[in-house]
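Subject: Handing over the structure, with notes

Dear colleague,

Here is the structure I promised to pass on to you. Please look it over before you read my notes, which come after it.

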Amino acid sequence: MAKYSSKINKIRTFALSLIFVGFIVMYIGIFFRNSPLIMSIFMLLGVIFIIASTGIYFWIGMLSTKAVQVVCPNCEKATKVLGRVDMCMHCNEPLTLDASLEGKEFDQKYNKKEKRIEQ
Ligand SMILES: [Zn+2]
């Protein structure tokens, strides 16, 4: 897994892992079927994780509408920049909308690769 990835991709990965955690927690609950109280707690926790994940997916949708759509100078695919600096969703190319921020929020080794997107 890349050290840096697009913010939207990161949140999406987090939401997906929450769904898995939710299912695992509910699955663990099945082992406690002799104790309805413990089973209910696990089931409820699982449902909470899945609801939280749905909420995060909704939030990604909101963020996507605010993100600036640009064409990546590196892979030439359309991607979304969230905030002033973000990574390309496809190739993890660092992208910035603000030239004054170049090299400030990324690791030093990305400095040379920083590119300014003309709007
Ligand atoms: Zn790219």
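Below is what was found, starting with the whole chain and then moving to particular residues.

Please keep in mind throughout that this is a predicted model. The mean pLDDT of the chain is 83, with 80% of its residues reaching 70 or more. Residues 107-114, however, have a pLDDT below 50, and in the model this stretch makes eight contacts beyond near neighbours in sequence, so I leave that part without further comment.

As for the overall layout, the chain contains two helices and five strands, and, read from the N terminus on, the elements follow the order α-α-β-β-β-β-β. Of the 119 residues, 15% count as buried, and among the contacts with a separation of 6 or more, 36% are between residues 24 or more positions apart.

The unreviewed UniProt entry carries the annotation "transmembrane region" for residues 12-32 and for residues 38-60. In the model, residues 12-32 are 90% helix and 0% strand, and the C-alpha atoms at the ends of this span lie 31 Å apart. Residues 38-60 are 100% helix and 0% strand, with their end C-alpha atoms 33 Å apart.

Val-25 belongs to helix H1, which covers residues 7-30, and, leaving aside residues up to four places away in sequence, Val-25 touches Phe-42, Leu-45, Gly-46 and Phe-49. The C-alpha atoms of Val-25 and Met-43 are separated by 7.1 Å, although the two residues are 18 residues apart along the chain. Is Val-25 buried, exposed or partly exposed? Val-25 counts as partly exposed because it has 19 C-beta neighbours inside 10 Å, whereas a buried residue needs 20 or more.

Turning to the strands, S1 (residues 68-71) and S2 (residues 78-81) run antiparallel and are joined by four bridges. Val-68 stands opposite Val-81 in S2, while Val-71 stands opposite Ala-78 in S2. The two strands form a hairpin with six residues between them, and Glu-76, in the turn, has a positive phi of about 60 degrees.

The C-alpha atoms of Arg-84 and Val-68, which are 16 residues apart along the chain, are separated by 9.5 Å. Arg-84 is partly exposed, because 14 other C-beta atoms lie within 10 Å.

Lastly, which residues make up the largest nonpolar core? This core has six residues, namely Cys-72, Val-81, Met-87, Cys-88, Met-89 and Leu-95. Cys-88, one of these core residues, touches Ser-6, Cys-72, Asn-74, Cys-75, Thr-79, Glu-93 and Leu-95 when residues up to four places away in sequence are not counted. Two of the residues in that list, Cys-72 and Leu-95, are therefore both contacts of Cys-88 and members of the core, by the rule that joins buried nonpolar residues through C-beta atoms within 7 Å.

With best wishes

Terms used. Residues numbered from 1 in each chain as written. Predicted model: local features only at pLDDT ≥ 70, side-chain atom pairs only at ≥ 80, totals over all residues. UniProt positions renumbered as here; feature names shortened; annotations may be inferred. Pairing = 2+ DSSP bridges. Buried ≥ 20, exposed ≤ 12 C-beta atoms within 10 Å, placed from the backbone. Contact = placed C-beta atoms within 7 Å. pLDDT = per-residue confidence, 0-100.
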